Amino acid sequence: MMHDSCLDFWISISVVAIAVFQAWNHVHVVRADQPLVSDVQTRHGVYARPNSCQRYLEQWDQRNISSTIHPGKDIEIMVMYTDRSGAIQVRSVRSKNLSASWVWRSPGDNRNDLTRSSMLPDQLTKVADATDEDFSGDHQFGSVTVPSQLHPIKAKRQMLRRERREKRSADLINQDKRVGSQIQDASIKRARELDTTVVGKYSIWRKEYENPNSDSNVKLMRDQIIMAKAYAMIAKAKNETALYDSLMKHSLENQLAIGEATMDAELHPSVFEVAKAMGRILAAAKDQMYDCVSIARKLRIMLQSSENNLNALKARSSFLVQLAAKTIPRPLHCLPLVLTVNFHLRNFGGDYPNKQKLEDPSLYHYAIFSDNILATSVVVNSTIQHAKDPERHVFHIVTDKLNFAAMRMWFLVNSPVGATLQVQKVEDFTWLNSSYCPVLRQLESARMIEYYFKAHQSSTVNPASDNLKYRNPKYLSMLNHLRFYLPEVYPKLDKILFLDDDIVVQKDLTPLWSVNLHGMVNGAVHTCKESFHRFDKYLNFSNPKISDNFDPNACGWAYGMNMFDLREWRKHNITGIYHHWQELNVDRTLWKLGTLPPGLITFYNLTYPLDRSWHVLGLGYDPALNETEIEKGAVVHYNGNHKPWLDLAITKYKSYWSKYVQFDNFYIKLCGLADS
């Protein structure tokens, strides 16, 4: 019975196989180049795919077949295969559901693919062009033949992809060559910049990799000198003359061997023998004279002596710097003399042109109080060069009687183009006398004159008790205090911009007249940074008159570029406030001399902070300023001792000032300023 059932099974299988074989002999379906999607999957379910035929069928199942076939014939195409479990699976699809991209070909015909409409269905074979990932050669699925020949369109696509890959590879190779060339050039440049003249100071590759112990031998020899002097003093006290002479001799040899060297590489090779000899004599001195207490005492004495010498040198250096900063160089002294002579020889005089503009409050007015002709000319030239409308700018220059003729002569010969300019002397302000001005009354006192001029007596120099910059005789000039009397000097003006003579203008300043000061009198740039430049730096807060009225942490500000609202000045009686505090400081106990401390007091809570870019300070003392901030600053200020017209000037900042000097001017050349 079991034998009969098995026989029946194999008979049925044979019948199915014969039917399928006849159907596949009738037509061979070959895929061209377009994907197929059929709804067979939804009708027959998902079948396992054990081999290439299985992948082929899944592609067939998941693609749409929407086209028309040759009219009059609708052929059912069946495929039979074995799944992984060994079971025979059958699939079928109607030829009318095939897409238009499928072509028909007779099995024995070797011609190229033809369209379905050009041949009869019973003569054709369906050819499927396998994809790259599915087929790499000829395959057969039963009676289904899949040739390895690609369709022309797909072959073209593959060729284009290959060309793109080759082009990309060539581009990457060229890019690598360029990068390699750039790295090589940079290495060559860095190698050329390497300082090889000082052996041992730098590593062989990078300059920044310095040897941290590159001065160890220099330090060792200096330590030997210190110890030799200490032992020498002990030897002298114990009458060890031979040892004393030997220690002093080797100490001198060490000093000569070191010279001015700061790094080991700067030492001569022979110095190491000198150091060894010093080591031997120190070892001998230690064996004979070593006493911990005595050595410690001698070293403390040497340390205290060195500190005293250092403080004396600092005091001397400070005095000499102040002296050099306030001494007029010969070319600068020559310029006013030559101009004064020419002014009187030519008999210049008369009124200024555009006199009606001098009191016009709708224009832009500047106040410059100075006796330095060259510096004043730079301020005026730099301002006019950056002004958008020079005709609306008016300069009020006040100098002293000694330099009045020279200042007038300079601006008569070199008058600013378009702008209006007036030169006055402070002595013309008859209302400015000792009965009205307390500071003038103090300046005329013998005690004040003695205080100022005693700085020239080197025996009285004591930086611990007096700051030398406050004892400069320039403070005897009323030009320095005239800034507190602006409404009296210019009674018809509403606003005025005060400029020091050691500034340079780099941008148009007219927007300052549009700044809203919010009822304040003084518009200035604040200078406080963390704990620096606050009121306690300038005022004596141990005095209750100061501590009861002012905040020690209040932020300081700078003179040099200040916008003053003269209407608010008159309303708050600023000059009266200044007089009041000057009377209280007659004995100089509230602040040291100068104009900034009384300015901080007078304009306390009446100063509006301007943006820092309007006024960049420090070019006269700080060599580490940010050059980007200097370039962006509207006004740069050489406050400090290193003025740009002196040899003391910081070299890298001097160009900001010198480019506004008229070196081709006759008087400049005559006095040799063009060569300095």
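Predicted model: local features only at pLDDT ≥ 70, side-chain atom pairs only at ≥ 80, totals over all residues.
Two strands pair if DSSP finds at least two bridges between them.

**Strand E11 and its partners**

Strand E11 covers residues 495–499. Three bridges join E11 to strand E8, and the two run parallel. Here Ala-367 stands opposite Phe-498 of E11. Five bridges join E11 to strand E14, and this pair runs antiparallel. In that pairing Ile-496 stands opposite Phe-564 of E14.

| Partner of E11 | Residues of partner | Bridges | Direction |
|---|---|---|---|
| Strand E8 | residues 364–369 | three bridges | parallel |
| Strand E14 | residues 561–565 | five bridges | antiparallel |

Is E11 buried or exposed? Five of its five residues are buried. In a regular strand the side chains alternate between the two faces of the sheet. On one side of E11 lie Lys-495, Leu-497 and Leu-499, and on the other Ile-496 and Phe-498; all are buried.

In soluble globular proteins, nonpolar side chains tend to be buried together. The largest nonpolar core has 63 residues. Leu-497 and Leu-512 are among those with the most contacts inside it. Leu-512 touches Leu-497, Met-561, Met-563, Leu-610 and Trp-614, leaving aside residues up to four places away in sequence. A second, separate core has 44 residues, including Ala-367 and Ile-496.

**A helix pair**

Helix H9 (residues 330–346) packs against helix H11 (residues 404–413) at an angle of about 80°, with the axes 8 Å apart. H9 is therefore roughly perpendicular to H11. Among the residues that meet are Leu-335 and Phe-343 in H9, and Met-409 and Trp-410 in H11. By class, this contact has nine nonpolar, three polar and two charged residues.

Conventions:
Residues numbered from 1 in each chain as written. Heavy atoms only, no water. Buried < 20%, exposed > 50% of the residue type's maximum accessible area, 1.4 Å probe, protein only. Helix = DSSP H or I, 4+ residues; strand = E, 2+ residues; numbered from the N terminus. Core = buried A, V, L, I, M, F, W, Y, C linked by side-chain atoms within 4.5 Å. Contact = heavy atoms within 4.5 Å. Axes fitted to C-alpha atoms, helices over the stretch in contact; angles between N-to-C directions. Parallel < 35°, antiparallel > 145°, perpendicular 65-115°, else oblique. Nonpolar A, V, L, I, M, F, W, Y, C, P; charged D, E, K, R; others polar.
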